[in-house]
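This briefing covers a ligand site and a pair of aromatic rings. Please view the sequence and the model together.

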Amino acid sequence: MPDWQRLWRDSLRDPAELLRLLGLEGYADRLSEAGRTEFAFRVPRGFAAKMRPGDIDDPLLRQVLPLRGEELDVAGFGVDAVGDLAARGGPGILHKYRGRALLVATGACAVNCRYCFRRHFPYAEETAAAGQWQAAVDYLADDESIHEVLLSGGDPLSLSTAKLKTLTDALAGIPHLRRLRIHTRLPIVLPERVDAEFTGWLAALPWPTTVVVHANHGNELCGEVAAALARLRAAGAVLLNQSVLLAGVNDDGDALSALSERLFECGVLPYYLHQLDKVRGAAHFAVEDARARGLHQELMRRLPGYLVPKLVREIAGEPHKTPLA
Ligand SMILES: *Cc1c(COP(=O)(O)O)cnc(C)c1O
Ligand code: SF4
């Protein structure tokens, strides 16, 4: 078994244990049952090691800790916030935008982020990995308007490299594909995933490839992560980052500009800063649109244009992500 799979298997599965490791056991009464019932708690130990001991407001801790706020039923926060069920193009395919189709390669992730729309998506039936890759590949092959495939999930890098290779070997037979994109948080939360077998696969792909990672705070991008990102670049991938604007995590100008600066040091350009998808259980992460715009304007004043992510929201039925600013 590769090292990364061992580390993944050894992830923290109990929020009370994480609180103990950080010396925060006194806060156990703030935990929600939702971490056991509707969306399992899961955090790689290496990611937990970047949290500040003794700080219940740590921005990395806040992204993963199931808090009582998840139990609030807030108007407008539902189970299919971005119209995924209507955009189903075939088994494991979401086809919303012209020229691009998203392949749900797997439902699994290395970390479970509490703000994620995935907490309600019926992945068991909808992943292309459930023995149905052929149907997904057929869908892509039949539509010549599709020039870019996005491997997403879940997190496609939670699949073994051998499985990824099986998939891209099948895609390689489709003449109208020009680009491949991989959406993944694994290089951030489990950088050991970017091993030699993986970079060998990446470097040998027949298309120009973009890897869009997902970090929300500069503290996620220390030592080993920077090295993993450097390995991805060395394998020829273009590196972009997407973040979600999250109350209590990155909703201030200093945190957002430090994130952009740190990304650049790691060879990654900021791509999108997403307004939160309105999923039930995540309302305590919401930031008002007016504040979001103000923060985005602050970034434009403070940073070169290429380090300012596009502030967008996903609106069901729209032909692209919708800019807020
Ligand atoms: C966000 C998204 C994309 C990618 O959009 P870009 O603007 O090209 O980054 C593609 N397909 C689906 C279903 C998406 O949700
Ligand atoms: S899909 Fe991305 S944001 Fe959602 S739980 Fe997985 S890693 Fe986190």
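A residue is near a molecule if one of its heavy atoms lies within 4 Å of it. By that rule ligand 1 is surrounded by L94, K96, Y97, R100, L102, L150, R181, Y271, Y272, E314 and K321. This is a predicted model, in which local features need pLDDT of at least 70, side-chain atom pairs count only at pLDDT 80 or more, and totals for chains, interfaces and linings use all residues. Residues are numbered from 1 along each chain as its sequence is written, and side-chain values use heavy atoms, with hydrogens and water left out.

**Shell of ligand 1**
- The shell has six nonpolar, no polar and five charged residues.
- At least two shell residues come from each of β2 (93–97), β3 (100–104) and β8 (269–274); strands are DSSP runs of E with at least two residues.
- β2 gives the most, with three residues.

**Polar contacts (pairs of N or O atoms within 3.5 Å)**
- An oxygen atom of ligand 1 lies 2.6 Å from a polar side-chain atom of Y272.
- For Y271 the corresponding distance to an oxygen atom of ligand 1 is 2.7 Å, and for K321 it is 3.0 Å.
- Of the 390 Å² of accessible area (Shrake-Rupley method, 1.4 Å probe) that ligand 1 has on its own, the protein covers 91%.

**Aromatic pairs**
- The structure holds five aromatic pairs, counted where ring centres lie within 6.5 Å; planes under 30 degrees apart are stacked, over 60 edge-to-face and the rest tilted.
- F198 and W201 form a tilted pair, 5.3 Å centre to centre with 45 degrees between the planes.
- Both F198 and W201 lie in helix α9 (residues 196–203), three residues apart, about one turn of the helix; helices are DSSP runs of H or I with at least four residues.

Technical notes: Chains are lettered from A and ligands numbered from 1 in the order in which they are written. A polar contact is a pair of N or O atoms within 3.5 Å; within protein, one must be able to donate a hydrogen and the other to accept it, and residues adjacent in sequence count only if both atoms are side-chain atoms. Ala, Val, Leu, Ile, Met, Phe, Trp, Tyr, Cys and Pro count as nonpolar, Asp, Glu, Lys and Arg as charged, and the others, Gly among them, as polar. Rings of Phe, Tyr and Trp (its six-membered ring) pair if their centres lie within 6.5 Å; planes under 30 degrees apart count as stacked, over 60 as edge-to-face and the rest as tilted.
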